[in-house]
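Have a look at the fold first, then read on for the overall picture and a closer look at one residue.

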Amino acid sequence: MAKPVVVTIEHGSSKSAAQAKIRASMDDIRGRLGPFVGAIEQEWVGDALHFRLAALGQPVTGRIDVDDRTVRIEVLLPGLLGYLGDKIASRVQRDGALLLDGKR
């Protein structure tokens, strides 16, 4: 059973500006994840980015929803990756805030 990790970040800019920052950062995000992650498949559907990747050989899915004030990130972590959920959530919170507003 996959464990959901949910992080919400206020972005302090327009919805379109937040989406543009996310689009521009996907390659950088992949680079930060390093050799443990394969290619990231992504598709924008309206104001939501749906993504899929493999981490340590396990499928990970999620979505990033952008609205006028916040970005909500939900990632489903399968199996043993679920035990890392709290650490992953804190890193996503920190790095996401830095990406969206330049704040830590």
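This is a predicted model: local features need pLDDT of at least 70, side-chain atom pairs count only at pLDDT 80 or more; totals for chains, interfaces and linings use all residues.

**Fold**
- You'll find two helices and five strands in the protein.
- Reading from the N terminus, the order of elements is β-α-β-β-β-β-α.

**Size and packing**
- The radius of gyration is 13 Å, which agrees with the value near 13 Å that a compact globule of 104 residues would have.
- Along the principal axes, the C-alpha atoms take up a box of roughly 35 × 25 × 25 Å.
- Of the 104 residues, 34% are buried.

**Surface and charge**
- The protein's accessible surface is about 6,400 Å², and carbon and sulfur atoms account for 57% of that.
- As for charge, there are 15 positive and 13 negative side chains, with 5 Å between the centres of the two sets.

**A closer look at Thr70**
- Thr70 sits in strand 5, which covers residues 70-77.
- Is Thr70 buried or exposed? Its relative accessible area is 16%, and since buried means under 20%, Thr70 counts as buried.
- What does Thr70 touch once you leave aside its neighbours within four places in sequence? Its contacts are then Thr8, Ile9, Glu10, His11 and Asp65.

Key: Residues are numbered from 1 along each chain as its sequence is written. Side-chain values use heavy atoms; hydrogens and water are left out. Helices (H or I, at least four residues) and strands (E, at least two) are DSSP runs, numbered from the N terminus. The radius of gyration is taken over C-alpha atoms; the globule rule is 2.2 Å times the number of residues to the power 0.38. Buried means under 20% relative accessible area, exposed over 50%, partly exposed in between (1.4 Å probe, protein chains only). Accessible areas come from the Shrake-Rupley method with a 1.4 Å probe; for residues, only the protein chains shown count as cover. Lys and Arg count as positive and Asp and Glu as negative; His and the chain ends are not counted. The place of a charge is taken as NZ of Lys, CZ of Arg, CG of Asp or CD of Glu. Contact means heavy atoms within 4.5 Å.
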